[in-house]
Structures are given as C-alpha cells and as structure tokens.
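Trainee: Could we go through this model together, strand by strand and then into the interior?

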Amino acid sequence: MSEPADRFVIEIGIGTVAHIIDMDAGQDGTDSRFSLGVSGPGEKMCSRGNRHPGDKRVPFAEFASHHDINKTDFEGDAPDEICSYCWSNTRGALADEQERADNNVSEKIGSVGYRLRWKQKGRARDEWYDIVVRPETTMADLDRLVCRFTTLDDFHLRMYGLEGEYLDSSLRVLPNHQYEEAGDRTYTRASEMTITDVAERARLGEGDRLSLVYDFGTPSHYYCIVKEVYEPDRLDEVLDGDNAITSTGTAAIVTEKRP
C-alpha cells in the first residue's frame, strides 16, 4: 500500500469542491464501490457527482501545497477545497486498513468465519437475520439462506456485490440457474465462489458490508454488515450448537429479529 500522499490524487471537475481518487484501488479492473461508472484509473472516494474524462487531476501533495493544506495524513476535518464525503471515506478506509494490518486479518483469511447480519433497506431496524458462514461456504449456500427469510425466489434476478454496489457488481456473482440464462461468462456461478474468495477480494473484516440487489427495473436491495469474525474454534462452537434456526452444510441462520 502506498503512502497516503503518494496514493491519492485530487480530481478537479465542475463542482465547487475537488474529489479524492485512490490510485491503489481498481487495479483488478473492477468498478468503484462508490461510483456507478469509471472514466479514469483509480477509485473516487464518494458517490457525489460523476467523473468526466476532462477533469483535471493533480497529486495530493501538489494540491495541498498550492492551497496551504497541512493535512497530508487526512486527519481532522476536511479542508474547504476538498469534498467532505471523500475526506471522511478516505480517513475511514485508512483507519480500517491500519487496524487490519495491526490485527493481521489478511493472514487469517481462509481460516476464519463471519457473522453476517442481513437487513433490507428501509426495514433495517424492524427485521434482520444473522447468518454465520465458514470459509468454504459458497455464495450459493448463502443465497439459499438469504432467500429463506425474504420473498425472493428463482424468478427474481439478483446479484451479489460489495459495499454499496446496488446497480453494478464487482463480484458479478449470479445464482447458478441465472448464470446459465445470462449466457455471459464474465459472471461467476454462485456455487463457484466461496466466502474466502470474497474475503480475499474485499479484505473482509468486521464492519464491512456485502450487498444483494434484485428487481433491477426498480432496484431494491438487501445488505449485510460483518458483525463478527470468528476464529476456527469459536466458529465450530457457534455452528455446531443448538441455536441454528435453519442451516446448510456450511452455514446457518443463528439469530433473528422479526416484527
């Protein structure tokens, strides 16, 4: 990971403030988790406004020097010249990455499990379900459990993604039967992607999110928050206990809040 002053550039468009672009992101060719589309390398650190090919881009250090900004570590409040949403998201991303580096989370991926709290947008306080998954749990297993507590069935086109990806997904995971119908081999069958695959791609840790979008004409979505990361012994204890509401071979709904 690059140093912050080298990693981020400032993109100046037609708005009243400039935006922050993370040049370490998007190296695998996937779309931004904040923007619906990409018009240049890197990832815009907020979803406000659109990127345009003609926007001017300058190194963060150069922009900070020109505007007498002495916050090269992104501490404190956003300068007046820079989008406050970008600034806040950048601070959060750097803090999360540092915490994970301190806890060696990346070294544990592939051996840990996750408690995923699934909610529906607009009903987050009224109803939620915790699904505990093993590293080898496939997205197909997860999909079966998610559909148990929703109105989704095989007639609903649905796709899983990361963070706030509601209209486009960098995971590009489809349920198996929909993968066959789509006929597009850039997608992935849900049975061929595991939680470990997702965790490696997203550096998944506590507080992160996954999303599920369906009914693309008037899109609606569920999302989950990673509530806990389980070491193997604790994972076995949770999944082998008597509290499972329903389960597959590798995952289970363990708690719920229902209206």
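Predicted model: local features only at pLDDT ≥ 70, side-chain atom pairs only at ≥ 80, totals over all residues.

Trainee: Which residue of β11 is the bridge partner of Q120?

Mentor: The pairing to look at is that of β5 with β11, which is antiparallel, and Q120 falls within β5, a strand that spans 113-120. Looking across to β11, the bridge partner of Q120 is Y222.

Trainee: With which strands does β6 pair through six bridges?

Mentor: On the one hand, β6 runs antiparallel to β5, and R115 stands opposite V132 of β6. On the other hand, I131 stands opposite I253 in β13, and here too the strands run antiparallel over six bridges.

Trainee: Which element gives the largest share of the largest nonpolar core?

Mentor: This core has 34 residues, and those with the most contacts inside it are Y114, W118, I131, M139 and L142. Among the elements that give two or more residues to it are β5, β6, β7, β10, β11 and β13, together with the helices α5 and α7. The largest share, six residues, comes from α5.

Trainee: Leaving aside its neighbours within four places in sequence, which residues is L142 in contact with?

Mentor: L142 belongs to α5, which spans 139-148, and is listed with the residues that have the most contacts inside the core. Beyond its sequence neighbours, L142 is in contact with L116, W118, I131, V133, T137, Y160 and I195.

Trainee: How many residues are in the other core, which lies apart from this one?

Mentor: Among the residues of that other core are M45, V58, F74 and A93. The number of its residues is 18.

Trainee: Why are the buried residues of α7 on the same side of the helix, and what covers them?

Mentor: The buried residues of α7 are I195, T196, V198 and A199. They cover an arc of only 160° around the axis, and this puts them on the same side of α7. What covers these buried residues includes β5, β6, α5, β7 and β10.

Trainee: Which strands stand at the edges of the open sheet?

Mentor: Four strands form this sheet in the order β3-β2-β1-β4, with antiparallel pairing. Within it, β1 and β2 pair over four bridges, and I10 stands opposite I20 in β2. Two strands have a single partner each, so one side of each is left without a neighbour in the sheet, and these are β3 and β4.

Trainee: Is D73 buried or exposed?

Mentor: D73 is found in the loop between α2 and α3, and its C-alpha is 9.9 Å from that of T90, which is 17 residues away in sequence. The relative accessible area of D73 is 52%, and since exposed means over 50%, D73 is exposed.

Note on methods
Residues numbered from 1 in each chain as written. Heavy atoms only, no water. Core = buried A, V, L, I, M, F, W, Y, C linked by side-chain atoms within 4.5 Å. Buried < 20%, exposed > 50% of the residue type's maximum accessible area, 1.4 Å probe, protein only. Contact = heavy atoms within 4.5 Å. Pairing = 2+ DSSP bridges. Arc of directions from axis to C-beta.
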